[in-house]
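Good morning, and thank you for joining this group meeting.

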Amino acid sequence: MESLQQTPHSVTSAPVQTGYIDTHAHLFDADFDADRAETIARAVAAGVNQIILPAVDSRSHQAMIDTVRQYPDVCHAAIGMHPTSVNENTKWREELQIVRQMLQQQPVKWCAIGEVGLDLHWSTSSLTEQCQALVIQMQLAIEYNLPLILHVRDAWNEIFPLLEPLHGQIRGVFHSFQGTLKDYQEIEKLGDFAVGIGGFITYKNSSAVKVVEHIPIENIVLETDSPYLTPVPYRGTRNESAHIPVIAAKIAEIKGIPVETVMEATTRRARSIFF
């Protein structure tokens, strides 16, 4: 691997105990190559003091590691294989061996296993392989005592039977949660899981609004999924972690509580899971 000895670029002097946490952002993506430092500085200026970077697959591992090493006071990395990276990939088991190697080698301190899960939106032909990959990575989460960052799209009926036998052994976040209230109630039965709410909560006629009304603020964490899912009023532009306060403000509006309460509760929950 290259670029492993880069000098850390300090954005803040030390991790702080207040402010927001963006629990899901792909700031290592090429979309940020031209202005990554400025993007992270804007996030910190907006009160976002910690950002979690979930892995996709080995094609971007080095960029993720480099980003965390350059901004260690702000950025933290998860390691795993995205479910869509399993699709039509005959070498997905080799990818999971790379994940295990990364866990053993610890080029950075990992804060989670992710982004992992099931995605049947783009393809249903690889469901069996996606399930197998997820089960292996759940076992890694147990082995290394790390939380999961779960991606679930059009696969709620398929994922719960995989998770239920491990009740009490696994914990984590259902990233970009846009399921039904019934789906959330099933999540509650699993134990120590929160749901990640992002920019989609600001969209007109978002079905997530009615669901979020019923989710305790103590079980919500904030995320952007940058560079995707840009919130209103920034839709049409690249998403970034500095938009977290917009998401927090919308949740505060939905629940009729102060935005400070949203910040404190979501940050406390995120810390309990990842740090």
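Let me start with the largest pocket, which is lined by 26 residues, with His82, Glu115, His151, His175 and Asp225 lying nearest its centre. A pocket here is, on a 1 Å grid over the protein atoms alone, an open set of points where a 1.4 Å probe fits, with protein on both sides within 12 Å along at least five of seven lines; lining residues have an atom within 4 Å of a point. This is a predicted model, in which local features need pLDDT of at least 70 and side-chain atom pairs count only at pLDDT 80 or more, while totals for chains, interfaces and linings use all residues. Residues are numbered from 1 along each chain as its sequence is written, and side-chain values use heavy atoms, with hydrogens and water left out.

The space in the largest pocket comes to about 670 Å³, where a volume is the space filled by probe spheres set on the grid points, which are joined across faces, edges and corners. By class, its lining has nine nonpolar, ten polar and seven charged residues. In this scheme Ala, Val, Leu, Ile, Met, Phe, Trp, Tyr, Cys and Pro count as nonpolar, Asp, Glu, Lys and Arg as charged, and the others, Gly among them, as polar. Strands E4 (110-119) and E5 (148-153) each supply at least two lining residues, and the largest share, three residues, comes from E5. Strands (E, at least two residues) and helices (H or I, at least four) are DSSP runs numbered from the N terminus.

The second largest pocket holds about 250 Å³ of space. Of its 15 lining residues, Lys109, Trp110, Cys111, Phe274 and Phe275 lie nearest the centre. Its lining has twelve nonpolar, one polar and two charged residues. Strand E3 (75-79) gives the largest share, three residues.

How are the strands arranged? Eight strands form an open sheet in the order E1-E2-E3-E4-E5-E6-E7-E8, with parallel pairing; two strands pair if DSSP finds at least two bridges between them. At the edges are E1 (20-22) and E8 (220-222), each pairing on one side only. Between E4 and E5 there are six bridges, and Gly117 stands opposite His151 in E5. Helix H5 (residues 156-163) packs on the sheet, touching E4, E5 and strand E6 (172-175), and its direction makes about 150° with that of E5. Contact means heavy atoms within 4.5 Å, and angles run from 0 to 180 degrees between N-to-C directions, with axes fitted as lines to C-alpha atoms, for helices over the stretch in contact.

H5 also packs against helix H4 (residues 127-143), at an angle of about 35° and with the axes 11 Å apart. In this contact, Leu127, Cys131, Leu134, Val135 and Met138 in H4 meet Glu158, Ile159, Leu162 and Leu163 in H5. The contact has eight nonpolar, no polar and one charged residues.

Finally, the backbone. Most residues other than glycine have a negative phi, and most peptide bonds are trans. Asp225, in the loop between E8 and helix H8 (244-255), has a positive phi near 60°. Asp154, in the loop between E5 and H5, has a positive phi of about 55°. To return to the opening topic, Glu115 and Asp225 are among the residues nearest the centre of the largest pocket.
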